[in-house]
Amino acid sequence: MAIYMASNYSLNTLGAKLCLEAAGDLVAKAIQPIQNSSQVKLADYGIADGGTSQGLWQQIVATIKKQNNGAFVEVIFNDLPSNDFNALGKNATLLMQGDQNIVVSMVPRSFYEPVCPPNSLDFGFSSTAMHWLSKLPKHLSNHIDVNVSAPVEDKAIFQAQSQIDWSTILLARAKELKSGGQIVTVNLSVDEQGRYVGHNLVDLNLKDILHEIWKQMQIEELIQPEEYVGATSQSYYRTEAEFTACLEDPQSDVYQAGLRLADTRTMLIRCPYRSQYEDDRDAEKFAQGLTQATRSWSEHTLRNALSNRSNQDISEIVNQFYQRFTARIRENPGQFSMDYVQTYLRIYKE
């Protein structure tokens with residue numbers, strides 16, 4: 001399955017920006033030890049178009065330059081080849097701003113693979129990206145998202161894949177990090193209350209609404225049964241315990257590779273579109289904003305499910321799907337939100 005974020009991703013994901021900004025204190029801790037170096041290598045894994053993290057990276061580079069007077073700074077921006085690298089390139093240019101001692105490299109590759117040379121990385125960062133699995137374990141027959149509703153045996157299959165994938169990601173970073181190097185990750189997760197992105201136990205479950213609309217379109221024969229099943233999301237939201245287990249188990253491959261857990265916390269970040277609606281009561285603005293935010297990360301799944309159709313058919317069906325979603329929000333704005341639940345980790349290499 002091809003995974004990509006929609007064009008103008010940053011403009012449509014205010015919540016994701018708030019989530020990565022909440023990692024500021026962990027980032028400050030992670031880069032503080034980088035002192036008196038002549039060359040510094042930094043990386044962002046799964047950066048999309050780079051807009052949401054632009055301010056954070058400007059702060060990181062400014063701090064690194066202050067701590068390492070005259071150092072040459074290389075920043076690696078990584079995402080899949082399907083990413084919008086034109087938009088990312090523009091944001092990379094803004095970060096360099098003509099500074100001859102800064103260069104930004106773009107690596108179009110999965111973060112399941114090597115992104116930096118071995119033992120070269122001083123600091124790595126990733127936000128709202130590593131919930132995407134390396135492959136879809138199976139198609140679901142009862143829902144489009146395993147994180148919401150699935151038989152125990154199906155969820156166990158996704159969980160097993162997610163743990164393999166998390167170890168693969170960390171082992172790749174362990175090879176890239178220098179001794180003493182650190183990485184901060186911000187990952188969609190499930191908290192102890194069972195909350196996850198789009199499900200805050202108060203408002204309607206956003207993922208259930210998406211499923212209801214897709215299922216109704218199958219009932220109306222706008223999509224085929226195999227297209228309904230084909231929209232299974234290639235994602236899994238881990239618990240904090242699932243994130244930290246391999247970092248604390250001396251027998252795990254990740255621990256043996258030298259990675260250690262420094263800090264962890266799980267936070268709920270309130271939906272900025274809902275907050276704005278509560279201030280201005282503009283239901284149409286809220287419906288459009290929340291739809292665009294949802295579309296930015298979910299559209300690729302629908303398009304993949306419809307891949308045997310013509311481009312025109314795909315666009316018509318996808319547009320109708322999101323029009324129905326917008327209408328649902330418009331009709332009942334007080335019951336919609338997309339709060340984020342994120343687990344924050346600071347990890348170092350011994």
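Predicted model: local features only at pLDDT ≥ 70, side-chain atom pairs only at ≥ 80, totals over all residues.
Reader: Which residues is isoleucine 76 in contact with, leaving aside its neighbours within four places in sequence?

Author: The contacts of isoleucine 76 include Lys41, Leu42, Ala43 and Asp44, and also Ser105, Val107, Val115 and Cys116. For serine 105, which is 29 residues away along the chain, the C-alpha atom is separated from that of isoleucine 76 by 4.8 Å.

Reader: How many aromatic pairs are there, and what does one of them look like?

Author: Rings pair if their centres lie within 6.5 Å, and planes over 60 degrees apart count as edge-to-face. By this rule there are nine aromatic pairs, and one of them is the edge-to-face pair of tryptophan 57 and phenylalanine 77, with 6.1 Å from centre to centre and 65° between the planes. Tryptophan 57 lies in helix H3 and phenylalanine 77 in strand S2, so this pair ties together parts that are 20 residues apart in sequence. Both tryptophan 57 and phenylalanine 77 are buried, and together with Phe123 they form one aromatic cluster.

Reader: Why is the pair of tyrosine 277 and phenylalanine 286 called stacked?

Author: Planes under 30 degrees apart count as stacked. The planes of tyrosine 277 and phenylalanine 286 are at 20°, with ring centres 5.2 Å apart, so the pair is stacked; both residues, tyrosine 277 and phenylalanine 286, are buried.

Key
Residues numbered from 1 in each chain as written. Heavy atoms only, no water. Contact = heavy atoms within 4.5 Å. Phe/Tyr/Trp six-rings, centres within 6.5 Å; stacked < 30°, edge-to-face > 60°. Helix = DSSP H or I, 4+ residues; strand = E, 2+ residues; numbered from the N terminus. Buried < 20%, exposed > 50% of the residue type's maximum accessible area, 1.4 Å probe, protein only.
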